[in-house]
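Here is a friendly walk through a protein model, for reading with the coordinates open beside you.

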Amino acid sequence: MDEQRYRVTGMTCGHCAGHVTEEVKQVPGVSDVVVDLDAHAVTVSGAPLDDRLIRAAIVEAGYEVAAAI
């Protein structure tokens, strides 16, 4: 199982976290998504993980990926 973590700007509430989680879980290979609002971070688990598709899903949810962490 792979794990990737991203710093995501603009997430401020539970609705934001739910929206990002919903979009990222649709990416093939993703099995779990954990959003940490305090750290502005999204941790994605699964196999195989496609960084490009995960970033696109976060953008589709309306947020910006500041960096992989």
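Asp51 and Arg55 form a salt bridge, with their closest N and O atoms 2.9 Å apart. The term stands for a side-chain nitrogen of Lys or Arg within 4 Å of a carboxyl oxygen of Asp or Glu. Searching the whole structure turns up one salt bridge. Side chains of opposite charge can pair when their charged atoms come close. Asp51 and Arg55 are separated by about one helical turn because they sit four residues apart in helix H2 (residues 51-60).

A word on what you are looking at: this is a predicted model, in which local features need pLDDT of at least 70 and side-chain atom pairs count only at pLDDT 80 or more, while totals for chains, interfaces and linings use all residues. Residues are numbered from 1 along each chain as its sequence is written, and side-chain values use heavy atoms, leaving out hydrogens and water. Helices (H or I, at least four residues) and strands (E, at least two) are DSSP runs, numbered from the N terminus.

How accessible are individual residues? Here, buried means under 20% relative accessible area, exposed over 50%, and partly exposed in between (1.4 Å probe, protein chains only).

| Residue | Relative accessible area | Class |
|---|---|---|
| Asp51 | 31% | partly exposed |
| Arg55 | 28% | partly exposed |
| Ile58 | 0% | buried |
| Thr43 | 16% | buried |

Which residues of H2 are buried? They are Ile54, Ala57 and Ile58. These residues are on the same side of H2 because they cover an arc of only 100° around the axis, the arc being that of the directions from the helix axis to the C-beta atoms. On the other side of H2, you will find Arg52, Val59 and Glu60 exposed.

The buried residues of H2 pack against strand S1 (2-9), helix H1 (14-25), strand S2 (30-36), strand S3 (41-46) and strand S4 (64-68); contact means heavy atoms within 4.5 Å. Ile58 gives a closer look at this packing. Leaving aside neighbours within four places in sequence, Ile58 is in contact with Tyr6, Val8, Val20, Val24, Tyr63 and Val65. Ile58 and Val20 are 38 residues apart in sequence, yet 5.9 Å apart in space from C-alpha to C-alpha.

Both ends of H2 deserve a glance. At its start, a side-chain oxygen of Asp50 reaches to within 3.0 Å of the backbone nitrogen of Arg52. After H2 comes Gly62, whose phi is positive, near 105°.

**The sheet**

The four strands make an open sheet in the order S2-S3-S1-S4, with antiparallel pairing. S2 and S4 are the edge strands, each pairing on one side only. From one strand to the next, the twist averages 30°. Two strands count as paired if DSSP finds at least two bridges between them; S1 and S4 pair in the antiparallel sense over four bridges. Val8 stands opposite Val65 in S4, and both of these valines are among the contacts of Ile58.

Thr43 belongs to strand S3. Not counting residues up to four places away in sequence, Thr43 touches Glu3, Gln4, Arg5, Asp32, Val33 and Val34.

How do the helices lie on the strands? H1 lies across S2 and S3, running at about 160° to S2. H2 lies across S1, S2, S3 and S4, at about 35° to S1. Axes here are lines fitted to C-alpha atoms, for helices over the stretch in contact, and angles run from 0 to 180 degrees between N-to-C directions.

Methods: A polar contact is a pair of N or O atoms within 3.5 Å; within protein, one must be able to donate a hydrogen and the other to accept it, and residues adjacent in sequence count only if both atoms are side-chain atoms.
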